[in-house]
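Please take a moment to look over the sequence and the model shown below before reading on. The paragraphs that follow go from one part of it to the next.

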Amino acid sequence: MNNKVLYLAFFSVFAFPTHADVTGFMSAQSNFLSKGETLTDNGPALYGLITYNHESGFYIGADAFNIDFGNTTPGVDDKTSYEIDYFAGYAKSYAGYLVDIGYIYYSYPDAYCIDSEGKKTTYGDNFGEAYLEITKKWLKASLFYGNAAQEVVDFDNDAITVALTGTFPITEGLDFTTQVGHAWFNSNLKDDYLYYNATITKHTDLGDVFFTLSDTDQMNQGLKTIFGFKHFF
């Protein structure tokens, strides 16, 4: 993939006014996981996110990163190389609980594959996902509902995922985060699965350095490790 294409696509997603409260980050990491499954065929990723935050609690933004679905279908070489996601939501504190509700639209602008005869086929696997997250101090509960199975090419069925995430300070500037989640699919083409991970994060003046161990109860997946650095702006 041409990295310049990824950067241009990411930074042209939204044109924010100069007075906006804009936050974001860029990260480089050895793998990219979503709900316990790799989106880069266990390869490295460059990931960027930008968000406009309004004082009312409303926010809108986008992220972009390189992907590699791998060759999961015999005789088919998937060439999709990057993903751009658009999201909007509302986050507000109520009686000590942070409630965050929103919607994500996942898009794959260059999605295509080549079959064993060399024929190129473009396809559209864009889909949306609604989410609700409630955080109380160190614990976060998440609920996702999507109209397609997350990260599965050519597969349009409903999916529900729930997760619990706990974050605990170890020492000043050092955190431990653990998560367990479960995904259900309204189809016999993909089995439901459990995923779990643990992350150590070191906060520095330049950004966050993190290390993650992740696994699922899926067959032949194996333990995944991620090293990364995230710079905030």
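Leaving aside its neighbours within four places in sequence, which residues is Y108 in contact with? Contact here means heavy atoms within 4.5 Å, and with those neighbours left aside, Y108 is in contact with I67, F69, T80, Y82, E83, D125, N126 and F127.

The model is predicted, local features need a pLDDT of at least 70, side-chain atom pairs count only at pLDDT 80 or more, and totals for chains, interfaces and linings use all residues. Residues are numbered from 1 along each chain as its sequence is written, while side-chain values use heavy atoms, with hydrogens and water left out. The pLDDT, which is the predictor's confidence in each residue on a scale from 0 to 100, averages 87 over the protein chain, and 85% of the residues score at least 70. Over residues 1-16, however, the pLDDT is below 50, although this stretch has 35 contacts in the model beyond near neighbours in sequence. The pLDDT is also below 50 over residues 149-155, a stretch that has 30 contacts in the model beyond near neighbours in sequence.

As for the chain as a whole, its secondary structure comes to one helix and 17 strands, where helices (H or I, at least four residues) and strands (E, at least two) are DSSP runs numbered from the N terminus. Of the 233 residues, 41% count as buried; buried means under 20% relative accessible area, exposed means over 50%, and partly exposed lies in between, with a 1.4 Å probe and protein chains only. Among contacts between residues at least 6 apart in sequence, 47% join residues at least 24 apart.

A nonpolar core is a set of buried Ala, Val, Leu, Ile, Met, Phe, Trp, Tyr and Cys residues joined through side-chain atoms within 4.5 Å, and in the largest one, which has 20 residues, F32, Y47, F65, I67 and Y108 touch the most other members. Two or more residues of this core come from each of the strands β4 (45-53), β5 (58-66), β8 (97-107) and β11 (127-136), and β4 gives the most, with three residues. Apart from this core lies another, of six residues, among them A159, A163, A183 and Y195.

Strand β1 (residues 21-29) includes Q29, which counts as buried because its relative accessible area is 11%. With neighbours within four places in sequence left aside, the contacts of Q29 are with P44, A45, Y47, F210, I226, F227 and G228. One of these residues, F210, is 181 residues from Q29 in sequence, yet the two are 8.9 Å apart in space, C-alpha to C-alpha.

The loop between β3 (37-38) and β4 holds D41, and N42 lies in that loop between β3 and β4 too. Most residues other than glycine have a negative phi. D41, although not a glycine, has a positive phi of about 55 degrees, and the phi of N42 is near 65 degrees, again a positive value in a residue other than glycine. D41 is partly exposed because its relative accessibility is 44%, and N42 is partly exposed with a relative accessible area of 44%.

Side chains of opposite charge can pair when their charged atoms come close. A salt bridge, defined as a side-chain nitrogen of Lys or Arg within 4 Å of a carboxyl oxygen of Asp or Glu, is found two times in a search of the whole structure. In one, the side chains of E129 and K35 meet at 3.4 Å, N to O. E129 lies in strand β11 and K35 in the loop between β2 (33-34) and β3, so the pair ties together parts that are 94 residues apart in sequence. Both E129 and K35 are buried. E133 forms a salt bridge with K140, with the closest N and O atoms 4.0 Å apart; E133 counts as buried at 16% relative accessibility, whereas K140 is partly exposed at 28%.

Finally, the chain exposes about 12,800 Å², of which carbon and sulfur atoms supply 59%, with accessible areas taken from the Shrake-Rupley method with a 1.4 Å probe. L143, found in strand β12, is partly exposed because its relative accessible area is 40%.
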